[in-house]
Every structure is written in C-alpha cells, then in structure tokens.
Amino acid sequence: MFLEAQTLKGQTPNGARAVAGHREPLPDDSKDNITIFTRILDRLLDGYDNRLRPGLGESVTEVRTNIYVTSFGPVSDTDMEYTIDVFFRQSWRDERLKFDGPMQVLPLNNLLASKIWTPDTFFHNGKKSVAHNMTTPNKLLRLVDNGTLLYTMRLTIHAECPMHLEDFPMDAHACPLKFGSYAYTNNEVVYIWTADDEKSVSVAPDGSRLNQYDLLGHVIGKETIKSSTGEYVVMTTYFHLKRKIGYFVIQTYLPCIMTVILSQVSFWLNRESVPARTVFGVTTVLTMTTLSISARNSLPKVAYATAMDWFMAVCYAFVFSALIEFATVNYFTKRSWAWDGQKEGQDMRTRDSTAFSKKTNNTFNIVGTTYPMSVGKDPGLTTIAKSATTQAPALPQPVREVRLSRMDGEYIVEGAKKSYNRVSKVDKISRIIFPVLFFIFNLAYWATYVNRKPSITKSNGQK
C-alpha cells in the first residue's frame, strides 16, 4: 500500500520523480551545482542596481590593482609615445554579492560584468586603448563567497611618453602609465597596489619589444591630483628606458668623424692642386649637410639642440674651416707668386739690357764681320761702313739667353725663385692644430656624455 501511494504521488522509493509516459523516472536535479549556482546568481542579481557603487554612503570603495606586462614596445620618438600590452587586474569587495554554496570561488562569464558594478578606470596618458575581443572578449571575472570580485582584461595601450632629448642619443626616459577613476573622487573610490613593485607590476621575461632602448626597470607610486571637480587618486608606473647608442655610432658619429678626417687630408696636398683641394672641401661640406638632415628626420622637431646636434655642428665647423683655410692659402699663393715673378723678371731684363749695350760698343757683328754704326747729319738716317781690316779689339760676350714662361698673364724668369712651390706655413700649422683640436673635442664630448648619469624627468599630468 505504501509503494502504491508513492507511485500515485509521482515519486519512486529512491526519491526520483516519475513522469507520465516514461517507464524509468528522471533524476532529481535539485542538488546539481549548475542549478544551485544559477539560483544563487538569480537571487544575487534580483534587485541588484549596477548603477550604485558598493558601500555607497557608508564607506570608501577600495580597488586593488596589479599589472602584468606581456609586451613592452615599440617606442616612437617622433610621436613621443610607446605601446604596451598588459593584463590589467582589479579587485574589490561588494557586500551585495555574498553567497553560500558548495564552491568558495565562482568563475563567471564576462557577460556578467555588464550586470554588476565595475570601476570606471581610465588611463590618464593613454592616447588609444584597445580591449581585445577575439575570439571572445578577453575578460575574466571571479566571485568569492565573501563578495570579493576579481576582474581581469587584456589591453593594448598607446600611452604618451614625454621625452627630453637634450642628451640624445645618450638619453634616458621614464615613460609613465597612469590610471584612476574618471568620475569618483578619493572620498568615494580609492586605488591601492596589491603588493610591492615586483608583484604589483611585473614584466614578462621575453616581453621586451625594444630595438633602440634597454628596459632598466620600473617604479610604482600613487598621486593625488586636484581639479575643479574634486581630488582624484592616480596610480602611476614609470618604466625606465635607456637608449642604445650603437645604431647612432654606426649611422652618424663614425661618418661624421671620417668626413672631418677626410677634410684634413687636403692640408697635405700641394697648394697648386686647386681642383683636388676644392673637391675635398666642397664634398665634405655637402656630406656633413646631408648627414645633419638625415639625423634630424628620426627626431621630433624640438626647439633646442641635442647632444648629436652639438657634435655635428662642431664637425661641420671643422669641415668648413678646412675649406676656408684652403681658400686663404690659395689666395695668398697667387698674390705671392705674381709679386715675386714680376719683380724678378723686371730685374733680369734690366741687367741683361745694360750688359748688352756696354759690350757691343755700338757695333754689330754679323758672320764674323764687325760693322760700325755711324749716324749722319740727318738723325733719321743710319749708315753702316764695312771695314774688313779693322777688327774689333774684343768679341762681345755672348748674351745669356733669357727664357720667360707665361702663367696667369705674368712673365717670370726660368730658374728664378718660385715661391708657389713652397709648402705654406698655414698648411704646416693646420696639419697639427686641426687634428689636435678635433681629438680634444672628441675626448671632452664622450667623457661628458658617456660618463654622465642619465637624468630621468617625470611629468605630472593634470585632469
């Protein structure tokens, strides 16, 4: 009778429910975990207002944060920004979401994030942020039985990095990452780091994507900014970067040094090698101009001079000075040659004319016969009388042949002193002064910038 009564009520002796039309009863799912948590979530969300923060009017909501950097870089010097890929984690407690169940931690789908209150976190220096949605939104949400929530999302952030390029390319920078609440002041929502520097912000061992920089480390902190709408808590992380100089040594410094050395080779050429020395001077000046323009293309258009600008300016001054030195030597070489040649040629012609007039004794000797020259009454007529028996007391001395060579419109005597073949004193001095000064400059330059401790400037943003 008892079994028949249970059968009539739709239950079997083992507690299963009997369904009309089925020979075997279905299992009771009242104790299934899915059913239990479905009911728990329905109960928690019943009457839950996600527009109100936890502890409204009673306490300040604390949001604990930490960051795991999966990829850092690249860094753009022209735009003064950097790219970072992170897992951004936030944790807070909501008393309205307490529950009792068979599990202490309840993993939830990201769809539930839109039904509960979440912090309105934004990045102060972020130019562009992307939340990854492939293949589904990359978000994680976990609920602890005491009402604590863990909310994690994957973000790619393009953040601003103010750079001071006075020491470029031996410079160092502190690229900040700043975030905080957009609408809640520090009287409503505050952010705190979960642990120290290493645990609150950590970088993956293979996370660096930097070609021109070394990631030296990072420093975390917290700031409070004031605005017309109140005071806000801002969490800060500064990533310290040190630029690698190898690329610039190969592409800029070595070509500049070689160009300066090439310009000083002209000091060892003959001063009459005008085409060769002109090619050296003009080519090196144009090369320095090209190097200067190409080096500036990879930098933002800042109004001050960088360390590389100073180096290239001094190299340009050396190259241009070498060209001016050649112009000076060439100018005084021509003037000195013209003066000496003209003076010596005139003196030689004067001496030869005097000797010729004295030794001939007013006679002409033609083929061994001497003809006296007599002047008649008419001064315009000249007669020559032949005297075969009268011999001249002495044959005239042969006149030394004077051969004149012509250059630049001036006659000079062959064998005379040629001052233009001498090595200029200016060239002799330049061969020593220019290399020594350039060596001293390089010694002072590299000793100043390489041994200088990099100064990292931090900037404070205002909301």
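Analyst: Let's start with pLDDT, the predictor's confidence in each residue, from 0 to 100. This is a predicted model, so to speak of local features we need pLDDT of at least 70, and side-chain atom pairs count only at pLDDT 80 or more, while totals for chains, interfaces and linings use all residues. Residues are numbered from 1 along each chain as its sequence is written, and side-chain values use heavy atoms, leaving out hydrogens and water.

User: What is the mean pLDDT of the protein?

Analyst: Of its residues, 72% reach 70 or more. Over residues 398-414, though, pLDDT stays under 50. For the protein, the mean is 80.

User: Is α4 roughly parallel or antiparallel to α5?

Analyst: Helices here are DSSP runs (H or I, at least four residues), numbered from the N terminus. Helix α4 (residues 246-265) and helix α5 (residues 274-296) pack with their axes 9 Å apart, at an angle of about 165°. Angles run from 0 to 180 degrees between N-to-C directions, the axes being lines fitted to C-alpha atoms over the stretch in contact. Under 35 degrees counts as roughly parallel, over 145 as roughly antiparallel, 65 to 115 as roughly perpendicular and the rest as oblique, so α4 is to α5 roughly antiparallel.

User: In β8, which residue is the bridge partner of Thr 121?

Analyst: Strands are DSSP runs of E, at least two residues long, and two of them pair if DSSP finds at least two bridges between them. β4 and strand β8 (residues 172-181) pair in the antiparallel sense over three bridges. The partner of Thr 121 in β8 is Ser 181.

Key. Contact = heavy atoms within 4.5 Å.
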